[in-house]
Amino acid sequence: MSLKDQIKNNIPDETNRCLLGKILGSMTDEDREAFNTVAPRIAVEPGYTYTWIRKLLADEGFNVSENVVRRHVRGTCVCR
């Protein structure tokens, strides 16, 4: 199959989410809002690192890699 056909047959849709996007979708509105509030500070302000938020997510039972968090926060995952 050509690249043109692949693109035509695999158009992203709103339901296509990365692992962190799916996790955020399963959270309470309050927890999702807390994440979305702190996300712009990650890798910008001292102490707010991808490792820090990954550990907090792990403490809540969400097993996600630092790379997944990084891609989602930067907007380079499939959610965007």
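Reader: Is Arg41 buried, exposed or partly exposed?
Author: In this predicted model, local features need pLDDT of at least 70, side-chain atom pairs count only at pLDDT 80 or more, and totals for chains, interfaces and linings use all residues. Residues are numbered from 1 along each chain as its sequence is written, and side-chain values use heavy atoms, without hydrogens and water. Buried means under 20% relative accessible area, exposed over 50% and partly exposed in between, with a 1.4 Å probe and protein chains only. Arg41 has a relative accessible area of 32%, so the class is partly exposed.

Reader: With which residue does the side chain of Arg41 meet in a salt bridge?
Author: A salt bridge is a side-chain nitrogen of Lys or Arg within 4 Å of a carboxyl oxygen of Asp or Glu. For Arg41 the N to O distance is 3.0 Å. The partner is partly exposed at 32% relative accessibility; this residue is Glu45.

Reader: How far apart in helix H3 are Arg32 and Asp29?
Author: Their side chains meet in a salt bridge of 2.3 Å, N to O. Asp29 is exposed at 57% relative accessibility, whereas Arg32 is partly exposed at 23%. Helices are DSSP runs (H or I, at least four residues), numbered from the N terminus. H3 covers residues 29–38, and the two residues are separated by about one helical turn, being apart by 3 residues.

Reader: Which residue forms a salt bridge with Glu66?
Author: Glu66 is partly exposed, at 26% relative accessibility. The closest N and O atoms are 2.9 Å apart, and the partner is Arg70.

Reader: What is the geometry of the ring pair of Tyr48 and Trp52?
Author: Rings of Phe, Tyr and Trp (its six-membered ring) pair if their centres lie within 6.5 Å; planes under 30 degrees apart count as stacked, over 60 as edge-to-face and the rest as tilted. The count by this rule is 1 aromatic pair. The centres of the Tyr48 and Trp52 rings are 5.1 Å apart and their planes stand at 75 degrees, so the pair is edge-to-face.

Reader: Which residues does Phe35 touch, not counting residues up to four places away in sequence?
Author: A nonpolar core is a set of buried Ala, Val, Leu, Ile, Met, Phe, Trp, Tyr and Cys residues joined through side-chain atoms within 4.5 Å. The largest has 17 residues, and Phe35 is one of those that touch the most other members. Contact means heavy atoms within 4.5 Å. With that exclusion, Phe35 touches Leu20, Leu24, Ile53, His72 and Val73.
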